[in-house]
Amino acid sequence: YHKHCKTQAAEGVDEKLFPYRFLRNQAYRGIRNHKIIIWNQPFTDLDIFDKMIDRLRTNALENTSELELLIVELNIDTSLAHQRTTKRKQAGGHGPSDTTFDRFVNTYQSASTHGYTSNIISVQGDSDVNKSVDLILERVSAIITA
């Protein structure tokens, strides 16, 4: 990832795009090798999400593959999410400003509003993580065996 960032910086790419481009390159490699791709990135703009999915689908077609999606949406109480974000930032991690956090909360939409209805599951951010993992693995297995 550090090498990727250096290359992107040398090309004059905006630093905010480094993680996305890194994940996109990893996904393209996974598609070429017919692997399961797990993309862990929040999308606060579903138009950008649509463009990313279109690019991945195009890449899959170019590599004689089909892109099956499973979208996992995390549901969590807003105040708990804010507490966790604040704690992470206080510990030296990253996170949005309070204004940006509020904007994200107020403009949130499920991916179902953009037509992704068949392969969306919701997990609870404040419940037992093992339940969420089991639910996700069950759905991945169903997609693989279909």
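**Helix α2.** I started with α2, residues 18-32: it has 15 residues and reaches 21 Å from first C-alpha to last. That is close to the 21 Å expected at 1.5 Å a residue, where the expected span is 1.5 Å times one less than the number of residues. My helices (H or I, at least four residues) and strands (E, at least two) are DSSP runs, numbered from the N terminus.

**Ground rules.** I am working on a predicted model, where local features need pLDDT of at least 70 and side-chain atom pairs count only at pLDDT 80 or more, while totals for chains, interfaces and linings use all residues. I number residues from 1 along each chain as its sequence is written, and side-chain values use heavy atoms, with hydrogens and water left out.

**What α2 buries.** I looked up its buried residues and got F18, Y20, R24, A27, Y28, G30 and I31. For me, buried means under 20% relative accessible area, exposed over 50%, and partly exposed in between (1.4 Å probe, protein chains only). Which helices do the buried residues of α2 pack against? I found α1 (2-10) and α3 (46-62), with contact meaning heavy atoms within 4.5 Å.

**Helix α1.** Here I list H4, C5 and Q8 as buried. They cover an arc of only 95° around the axis, which puts them on the same side of α1; the arc is that of the directions from the helix axis to the C-beta atoms. I noted the background for this: an α-helix has 3.6 residues a turn, so residues three or four places apart point the same way. On the other side of α1, I see H2, K3, K6 and A10 exposed. The cover over the buried residues of α1 includes α2. Just after α1, I logged a positive phi of about 80° at G12.

**The core.** Of its 17 residues, W39, F49, M52, I53, L56, I71 and Y116 touch the most other members. Which helix gives the largest share of this core? It is α3, with six residues. Both α2 and α3 supply at least two residues each. I then took L56 on its own: leaving aside neighbours within four places in sequence, L56 is in contact with A27, Y28, I31, W39 and L67.

**N59, also checked.** I placed N59 in helix α3. N59 counts as buried at 9% relative accessibility. Not counting residues up to four places away in sequence, N59 touches Y28 and I31.

**Ring pairs.** How many aromatic pairs does the structure hold? I get three. Rings of Phe, Tyr and Trp (its six-membered ring) pair if their centres lie within 6.5 Å; planes under 30 degrees apart count as stacked, over 60 as edge-to-face and the rest as tilted. Y1 and F22 make an edge-to-face pair, 4.9 Å centre to centre with 90° between the planes. Y1 sits in the segment before α1 and F22 in helix α2, so this pair ties together parts 21 residues apart in sequence. Y1 is partly exposed at 43% relative accessible area, and F22 is partly exposed at 25%. Next I took Y20 and W39: their ring centres are 5.8 Å apart and their planes at 45°, so I call this pair tilted. Y20 is in helix α2 and W39 in the loop between α2 and α3, 19 residues apart. I have Y20 as buried at 12% relative accessibility, and W39 as buried at 19%.

**T85.** I found T85 in helix α4 (residues 78-90), buried with a relative accessible area of 11%. What does the side chain of T85 reach? The backbone oxygen of A81, at 2.9 Å. Not counting residues up to four places away in sequence, T85 touches G95, P96 and F101.

**Positive phi without glycine.** I flagged H34, which has a positive phi of about 55° although it is not a glycine. H34 lies in the loop between α2 and α3 and is exposed, at 54% relative accessible area. T64 is another non-glycine with a positive phi, near 45°. I place T64 in the loop between α3 and β1 (71-75), exposed at 72%.

Technical notes:
Core = buried A, V, L, I, M, F, W, Y, C linked by side-chain atoms within 4.5 Å. Polar contact = N/O pair within 3.5 Å; in protein donor to acceptor, adjacent residues only side chain to side chain.
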